[in-house]
Amino acid sequence: MFASLSWLGVFRIMPDIARFAVLALLALAALASLYPLRFFKKPTPAEIDRRIEAANELQHTPVLVQTDRLSGKETNFSQALWREHQKRMAERLGGVGGDLPRTRVPERDPWGLRAAAALLLFVAFAFSFGPFGGSLDDGFRAHAARETIPPRIDAWVTPPPYTGKAPIFLTADADRAQGPVTVPEGSDLTLRVTGGPGDEALVFTDAVGNMREIAPAGAPATGTPAADAPKPAADGVNAGARQFAAKLASDGVLALRSGEDELESWAFTVIPDQAPVIRFSDEPKRAVNGAFELHYEIEDDYGAASARAEFALTEKPAEGARPLYKAPEMPLAIPRRGSVAGKANRDLTEHVWAGSGVELTLKAVDHAGQEATSETKTIALPERPFSNPLARAVVEWRKIMSLDANRVPHVIELIDAVTLRPEDTFENLSHYLGIMTGRTKLEMASTDDQLREVADYLWQMALQIEDGDLSAAEKRLRQAQEALKQALEDGASDEEIDKLMKELREAMNEFLREFAERAARDPNLAMPEMQPGQELRQSDLERMMDQIENLAKSGNREQAKDLLAQLQDMMNNLQAGRQQQQQGQNGQQSEMRQQMDKLGEIMRRQQEMMNETFRMDQMQRGQQQRGQNGEQGQQGQQGQQGQQGQQGQGQQPGGQQPGMTPEEFAEALKQLQEGQGQLQGDLEGLMKGLEGMGIQPGEGFGEAGEAMGEAEGALGEGEGERAVGEQGRALEALRRGAQDMMQQMQQAMQGDQGEGQEGGRQQNADRDPLGRPRATTGPDFGNSVEVPDEIDVQRARQILEAIRKRLGNALSPALEKEYLERLLELN
């Protein structure tokens with residue numbers, strides 16, 4: 001009881017007289033507890049044996065038998081019988097154990113009050129480690145009385161950090177003279193009382209009249225209404241510092257009381273924290289570089305804490321589908337204070353959902369945890385365009401297996417179908433080997449992680465097929481830009497900014513170097529034309545990155561972010577211009593090439609039909625010499641006709657088809673007539689296709705069509721000689737029409753590429769860097785070579801100076817330097 005009262009701090013608050021009386025009472029109780037010891041008596045050996053026999057419930061006193069002796073006259077038989085009895089009794093003593101002590105306390109404490117004393121001791125020991133706990137020497141120390149001094153009250157309200165508002169000191173004279181104190185919702189109230197009697201209580205009364213007592217720090221809130229809460233009794237001794245803390249969530253009055261007196265009071269008006277609002281400010285769209293671009297607005301009274309865009313597929317996956325990837329994640333940047341407009345740009349073309357229809361919803365959360373949701377828009381995620389059919393097939397395989405891993409066997413079947421005849425499908429053997437490697441990995445993959453690795457491999461394979469190594473440089477550049485942007489938003493250190501700027505410079509140089517190398521290998525990938533005064537040099541990019549670094553280190557992070565966004569837009573426009581130019585040129589040249597191939601096929605078929613008609617006419621007339629003259633006349637029209645004429649010179653008429661009957665001959669002429677009519681129809685289809693491309697068919701095509709019709713009629717009448725003449729006239733007219741068509745195509749391509757811009761280089765699809773016609777656009781008819789006049793000579797000198805200046809640039813690629821050196825050697 002002494003230890004329990006000491007640890008509970010009872011002796012600290014008791015007056016000295018009461019403390020001495022309790023100590024004396026406890027001392028007398030300690031002496032009285034020793035009184036039962038006077039009745040202690042040590043047990044005898046016989047009593048110990050009886051206790052053991054009773055405790056083990058042994059019959060016939062086996063312990064006593066071992067020491068007892070026979071009474072009366074002893075005989076040999078009685079002694080033997082006694083020893084046998086002792087032996088049997090001794091066998092019972094093998095498992096004998098000692099008895100437990102018997103204090104007979106329950107007889108003296110039938111109500112179990114001893115357990116209460118032990119429990120009180122345990123609780124008191126734990127309580128002694130608290131701020132109000134006592135120690136064992138408190139009962140032997142006197143308490144000096146002190147005079148009570150007036151308490152000092154310090155109170156202030158701290159608004160939440162995200163509001164940006166300064167703390168409000170409630171005990172200032174200026175605040176007392178004003179009315180209710182206006183504070184944001186969730187503000188922290190802190191009140192400290194130093195000195196005083198120690199019975200102060202802080203009570204908050206809301207607008208309805210409900211009263212709530214705020215417990216001081218270190219004391220648990222009991223939830224007892226303020227009117228019924230017990231108050232600590234003042235003992236005339238000054239208390240230490242006590243601190244009260246609470247959050248203000250509603251209007252009310254805060255009062256500090258001491259007994260029946262009210263020391264201070266304050267009225268509060270709480271401004272509720274409004275929920276945020278987020279909405280689309282523009283339709284989601286595809287950026288110029290293929291990334292997904294969002295324009296949005298976020299409104300909140302103190303600014304939102306975070307925002308994100310959530311995606312969901314419009315087409316629900318099949319039952320039992322096992323997707324490998326979750327929805328794409330797109331966090332949204334929070335607009336700066338004072339602005340509600342925001343813009344997010346994220347490259348989602350690599351995600352497997354690219355190109356699929358999705359439901360897009362914007363969500364914003366403020367610092368108070370309130371969430372806002374925008375309207376839901378149904379859009380198609382932008383995807384990276386692939387012009388190479390093989391690359392498009394690889395991307396489709398990746399998408400099928402990523403949306404449902406159960407369709408992996410179907411993807412393997414698709415790969416087998418494409419690789420069945422590699423000589424007809426693959427122009428590059430390395431692409432075939434890469435796809436077969438992916439097929440092997442796909443067969444061996446057994447977990448979702450391994451399947452995701454195969455999906456990443458297929459994506460990289462598609463990029464390699466489409467763009468080669470340039471895509472890796474683009475990806476590194478985009479990652480470096482995003483990392484620097486995130487570091488500026490997070491307030492990274494100057495060392496981190498230096499590291500990220502170095503990475504950005506290296507990625508920029510790598511991208512420009514590979515871009516230049518690819519442009520040197522493929523002129524169609526050259527940089528797009530710019531307006532005069534808009535030329536972008538590498539020195540401009542270096543100067544721009546230096547400005548970003550200086551602004552970031554000087555603390556002007558917002559301007560650094562704006563300048564970085566401008567740099568990112570410039571690079572996006574450069575990449576987009578290259579992609580659009582490549583796609584536009586490839587698409588236009590592909591369509592033109594198809595029309596040229598069709599024209600070449602018509603000319604080839606007309607030449608073969610004229611040869612066959614001539615041979616049939618020879619068979620009909622049997623005039624060998626006339627046939628030879630006809631073949632020699634055709635040598636100037638077709639390179640192969642001379643060879644066929646020479647073959648005909650060594651043969652007799654009808655040697656190829658000996659013994660042809662008149663019926664068979666008539667059937668052969670009929671087939672030639674049908675073929676000539678079909679050829680005329682194909683020419684009309686070609687003319688319509690040229691008109692659809694904006695190219696007006698020349699007079700040569702019209703004359704060729706008329707000649708084909710005349711030849712068809714002559715074949716129907718069996719006039720082979722006239723048919724051959726009309727076919728020759730049609731062939732010559734086709735050549736004139738082809739020349740006119742090529743000239744119109746060249747003019748159209750020059751117009752599309754902006755030829756003739758002042759101060760810029762001409763990069764026509766049909767011209768090389770020196771302005772000469774390319775061999776891939778058709779034959780040179782001799783009308784493009786002119787004698788240079790004085791202005792042409794001056795232009796040639798400017799070209800030579802530009803070549804020498806380019807050679808002096810240390811950053812020029814090696815391939816470009818070798819090409820320019822060869823140009824100088826030719827001059």
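Me: Which residue in β16 stands opposite Arg308?

Reply: Lys363 stands opposite Arg308 in β16. This is a predicted model: local features need pLDDT of at least 70, side-chain atom pairs count only at pLDDT 80 or more, and totals for chains, interfaces and linings use all residues. Residues are numbered from 1 along each chain as its sequence is written, and side-chain values use heavy atoms, with hydrogens and water left out.

Me: How many helices and strands does the chain have?

Reply: There are 25 helices and 17 strands in the chain.

Me: How many bridges join β13 to β16?

Reply: Start with the general idea. Strands of a sheet pair through backbone hydrogen bonds, either parallel or antiparallel. Two strands count as paired if DSSP finds at least two bridges between them. Here, 9 bridges join β13 (residues 304-313) to β16 (residues 357-366), and the two run antiparallel.

Me: What is the order of the open sheet with β13 and β16?

Reply: The order is β14-β13-β16-β17, an open sheet of 4 strands with antiparallel pairing. The edge strands are β14 (330-332) and β17 (371-380), each pairing on one side only. On average, neighbouring strands of this sheet are turned by 20° against each other, direction ignored. That angle is taken between axes, lines fitted to C-alpha atoms (for helices, over the stretch in contact), and angles run from 0 to 180 degrees between N-to-C directions.

Me: Where does Glu359 lie, and what is it in contact with?

Reply: Glu359 lies in strand β16. Contact means heavy atoms within 4.5 Å. Leaving aside neighbours within four places in sequence, Glu359 is in contact with Glu310, Phe311, Ala312, Thr314, Thr376, Lys377 and Thr378. Take Ala312: Glu359 is 47 residues away from Ala312 in sequence, but their C-alpha atoms are 5.1 Å apart in space. Glu359 is partly exposed, because its relative accessible area is 32%. The scale is this: buried is under 20%, exposed is over 50%, and partly exposed is in between, with a 1.4 Å probe and protein chains only.

Me: What is the order of the other open sheet of 4 strands, the one with β1?

Reply: That order is β2-β1-β4-β7, with antiparallel pairing. β2 and β7 (242-248) stand at the edges with a single partner strand each, so one side of each has no neighbour in the sheet.

Me: How many residues of β1 are buried?

Reply: Strand β1 (residues 152-158) has 5 of its 7 residues buried, so read the strand as mostly covered. Now follow the pairing on both sides. 7 bridges join β1 to β4 (residues 187-194), running antiparallel. Arg152 stands opposite Thr194 of β4. 2 bridges join β1 to β2 (residues 168-169), also antiparallel. In β2, Phe169 is the bridge partner of Trp156, and Ile168 is the bridge partner of Val157.

Me: Is Thr190 buried or exposed?

Reply: Thr190 is buried, because its relative accessible area is 12%. Thr190 is found in strand β4. Not counting residues up to four places away in sequence, Thr190 touches Asp154, Ala155, Trp156, Gln243 and Phe244.

Me: At what angle do helices α21 and α22 pack?

Reply: Two packed helices are described by the angle between their axes and the distance between the axes. Helix α21 (residues 662-692) and helix α22 (residues 699-717) pack at about 165°, with axes 8 Å apart. They are therefore roughly antiparallel to each other. The cut-offs are under 35 degrees for roughly parallel, over 145 for roughly antiparallel, 65 to 115 for roughly perpendicular, and oblique for the rest. The crossing of α21 and α22 is left-handed: the near helix is turned anticlockwise from the far one by less than a right angle, whereas clockwise would be right-handed.

Me: Which residues meet in α21 and α22?

Reply: Among them are Leu669, Leu672, Gln673 and Gln676 in α21, and Phe701, Ala704, Gly705 and Met708 in α22. The contact divides into 11 nonpolar, 7 polar and 1 charged residues. Nonpolar covers Ala, Val, Leu, Ile, Met, Phe, Trp, Tyr, Cys and Pro; charged covers Asp, Glu, Lys and Arg; the others, Gly among them, are polar.

Me: At what angle do α11 and α13 pack?

Reply: Helix α11 (residues 408-418) packs on helix α13 (residues 429-444) at about 155°, with axes 11 Å apart. α11 and α13 are therefore roughly antiparallel. Their crossing is left-handed. Val408, Val411, Ile412, Ile415 and Asp416 of α11 make the contact with Ile435, Arg439, Leu442 and Glu443 of α13. By class, this contact of α11 with α13 has 6 nonpolar, no polar and 3 charged residues.
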